[in-house]
Amino acid sequence: MAESAAISASEAKELTSLVNNLDITRPSDAEKDKNEAGEAAAGEQDDTASPADTSLLRKIIRKGLVESKQDLEIQRKDPSSPLYSVKTFDALRLKPELLKGVYAMGFNAPSKIQETAVPTLLAHPPQNLIAQSQSGTGKTAAFVLAMLSRVDTSENYPQVLCLSPTYELAIQTGEVAAKMAKFCPDIRLQYAVRGEEVARGHKLDCHIIIGTPGKMLDWGVKFRVFDLKKIRVFVLDEADVMIATQGHQDQCIRIHKHLSKDCQMMFFSATYEREVMEFAEYIVENPVIIRLKREQESLDNIKQYYVKCRNQEEKYQAIQNVYGVITVGQAIIFCHTRKTASWLATKMSKDGHSVAVLSGDLTVEQRLAVLDRFRDGKEKVLITTNVLSRGKC
């Protein structure tokens, strides 16, 4: 388990002094293997999360779980940062109503993926795109801007399809689209997710449909509530997660077969693995490919320490020592297993700490509720398993 917190210079100096007097060494691979084998023998296994859950949690975390004091403008001026930008949204030549919506959301400059992808997506004639960039770099805003820009509000039928692998991720995308279209009242959005139904024989008159592959396939092919041949833009978001979700890849391909050859294809993924690219090449013909390197995300103002402990009790003593030396506002403590997380939460609660636990046995809705409470400061310690840290970026 490890703990992260913001500390003052004086506290850092005192902590460094304390740490220097401890037996701090980097465990060898043999010791790591021995410790892992011991945990496995005790019936403990690493907690896991599905790729879709991991993606959703990462979006929530990056949306403001922890307030960063690092100046965003400095990141935008750093060429090695995925947020690097030398342009403005005005330079992207967006519709005035969309530009107003973008600024109303608090954006003041496009990220690297946005300033690269948006002009390509808005070019005439339309160009197909495959874009890969790690989470948190603005992919969603990039393709949502393109979706909204391509809509012809004089025509009252679906013109844009956006596929997400899960209900929750589709809702996230829809929320971004609704905010960006705040000053475009003529643009109508529709969700194609569980719980949404269309009367038999009814034809949709919205412009954009955002949903999951199964529901979209039913509406477009089985019930024909909209005409797939009239779709102008097809967006496949979280493609790597889509591949990892059973059945979704085949459903996407079936939808794709019903689209016209003139339909613009937008394919977005956080990873660039072989399976992802094989899928992309099947869906997207003659694409422009944008690939951004995964940047190092460790910050200069974060110091890392580790303490060698022989058992859980010594680990807990180390945590007590940290709390005894520095003032900790809020902290996240990572544990390998649910059993360890539950044990630690009980110990810290008995010592008077306000604790929340986040693990794989919670539903997505419960996990989001826990994160919201922690973000609001209702709990000071968030104890979590690997569901908050692992997964493909």
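Phe-268 is buried, with a relative accessible area of 0%. This value, like the others in this briefing, comes from a predicted model. The protein has 393 residues, of which 44% are buried, and its secondary structure comes to 15 helices and 11 strands.

**Aromatic pairs**

- The structure holds five aromatic pairs.
- In one of them, Phe-89 and Phe-107 are tilted, with 6.3 Å from centre to centre and 35 degrees between the planes.
- Phe-89 belongs to the loop between α4 and α5 and Phe-107 to the loop between α5 and α6 (112-121), so this pair ties together parts that are 18 residues apart in sequence.
- Phe-89 is buried at a relative accessible area of 1%, whereas Phe-107 counts as partly exposed at 29%.
- Phe-143 and Phe-268 form another tilted pair, 5.1 Å centre to centre with 50 degrees between the planes.
- That pair links distant parts of the chain, since Phe-143 lies in helix α7 (residues 139-150) and Phe-268 in strand β7 (residues 264-269), 125 residues apart.
- Phe-143 is buried, with a relative accessible area of 0%.
- Ring pairs also join Phe-89, Tyr-103 and Phe-107 into a cluster.

**Charges over rings**

- Arg-194 places its charged end over the ring of Tyr-167, 4.1 Å from the ring centre.
- Lys-230 lies over the face of Tyr-157, at 4.8 Å from the centre of the ring.

**Helix α9**

- Helix α9 (residues 213-222) is mostly covered, with seven of its 10 residues buried.
- The buried residues of α9 are Pro-213, Lys-215, Met-216, Leu-217, Trp-219, Gly-220 and Val-221.
- Their cover includes the strands β3 (160-163), β4 (189-192) and β5 (208-211), together with the helices α10 (239-244) and α11 (248-257).
- Just after α9, Arg-224 adopts a positive phi of about 55 degrees.

**Arg-93 and its loop**

- Arg-93 is located in the loop between α4 (72-76) and α5 (96-104).
- Arg-93 has a relative accessible area of 76% and counts as exposed, because the cut-off for exposed is over 50%.
- Arg-93 and Leu-122 are 29 residues apart in sequence, and their C-alpha atoms are 9.1 Å apart in space.

**Whole-protein figures**

- Among the contacts with a separation of 6 or more, 77% are between residues 24 or more positions apart.
- The protein exposes about 20,700 Å², and carbon and sulfur atoms supply 49% of this area.

Definitions and conventions: Residues are numbered from 1 along each chain as its sequence is written. This is a predicted model: local features need pLDDT of at least 70, side-chain atom pairs count only at pLDDT 80 or more; totals for chains, interfaces and linings use all residues. Side-chain values use heavy atoms; hydrogens and water are left out. Helices (H or I, at least four residues) and strands (E, at least two) are DSSP runs, numbered from the N terminus. Buried means under 20% relative accessible area, exposed over 50%, partly exposed in between (1.4 Å probe, protein chains only). Contact means heavy atoms within 4.5 Å. Accessible areas come from the Shrake-Rupley method with a 1.4 Å probe; for residues, only the protein chains shown count as cover. Rings of Phe, Tyr and Trp (its six-membered ring) pair if their centres lie within 6.5 Å; planes under 30 degrees apart count as stacked, over 60 as edge-to-face and the rest as tilted. A charge sits over a ring if NZ of Lys or CZ of Arg is within 6 Å of the ring centre and within 35 degrees of the ring normal.
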